[in-house]
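Here are a few notes for when you open this one. Have a look first, then read on.

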Amino acid sequence: MAASHAAIMDTVYALLQEKSVRDLTMEEVAKRAKVGKPTLYKWWPTKATLVLAMLCERMAPNLEKPSDLTAEESLQFRVRSLIDAFNRPFGKIVAGLIAESQGEPGILQQFFDRWVSPRRTATIADLQRAKNAGELRSEAEPELLNDAIFGAIYYRLLLRSGPLTRRFGKELVEQVIRGHRSGNARS
């Protein structure tokens, strides 16, 4: 079972190097992974749930951060890691999954719950710690700071309104945080 699971995840990842989420088929995954379609549908009822599972398994571990960082350093790390991932095949996969999920509200909710929410919650907690420690001004709103930064990244990913570079991420974090730093924060 574990070998089949790994083969399926490898196959989904490999196929998504060649084609979009929209063009991926369960038949093709089953054939290339050498498993039956019933096996796929037993574990993942739709193509989108299969892609989301692969995304969470293969991309999420690469976004974990060291624990000894200031909130701003943590934010820079998270932004840099996400931008790096989005500039590899995962960006195309995430964009394709978001597009696919527009017609499947359940998938959109799963994407938020499994992919976005854990990272959002961790980042907001970092920002709240910074606020509590006096690194950020008392009126700073961690949720809004998070959404301003990561919303801009997803905007560039999905609409291609500008380059999604490490420089963009660094400047974005600096710009958003600048107005919320307290006099006690190191810059």
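1. Is Tyr155 buried, exposed or partly exposed? Tyr155 is partly exposed, at 47% relative accessible area, because buried means under 20%, exposed over 50% and partly exposed in between (1.4 Å probe, protein chains only).

2. Some ground rules: this is a predicted model, where local features need pLDDT of at least 70 and side-chain atom pairs count only at pLDDT 80 or more, while totals for chains, interfaces and linings use all residues. Residues are numbered from 1 along each chain as its sequence is written, and side-chain values use heavy atoms, with hydrogens and water left out.

3. Tyr155 sits in helix H8 (residues 142-159); helices here are DSSP runs (H or I, at least four residues), numbered from the N terminus.

4. Next, the second largest pocket, with about 270 Å³ of space. Its 15 lining residues include Gly91, Lys92, Ala95, Gly96 and Arg160, the closest to its centre. A pocket is an open set of points on a 1 Å grid over the protein atoms alone, where a 1.4 Å probe fits, with protein on both sides within 12 Å along at least five of seven lines; lining residues have an atom within 4 Å of a point. Volume is the space filled by probe spheres set on the points, which are joined across faces, edges and corners.

5. Helix H6 (89-101) gives the largest share of that lining, six residues.

6. Back to Arg160: it lies in the loop between H8 and helix H9 (166-178). Its phi is positive, near 50°, though it is not a glycine, and at 70% relative accessibility Arg160 counts as exposed.

Conventions
Helix = DSSP H or I, 4+ residues; strand = E, 2+ residues; numbered from the N terminus.
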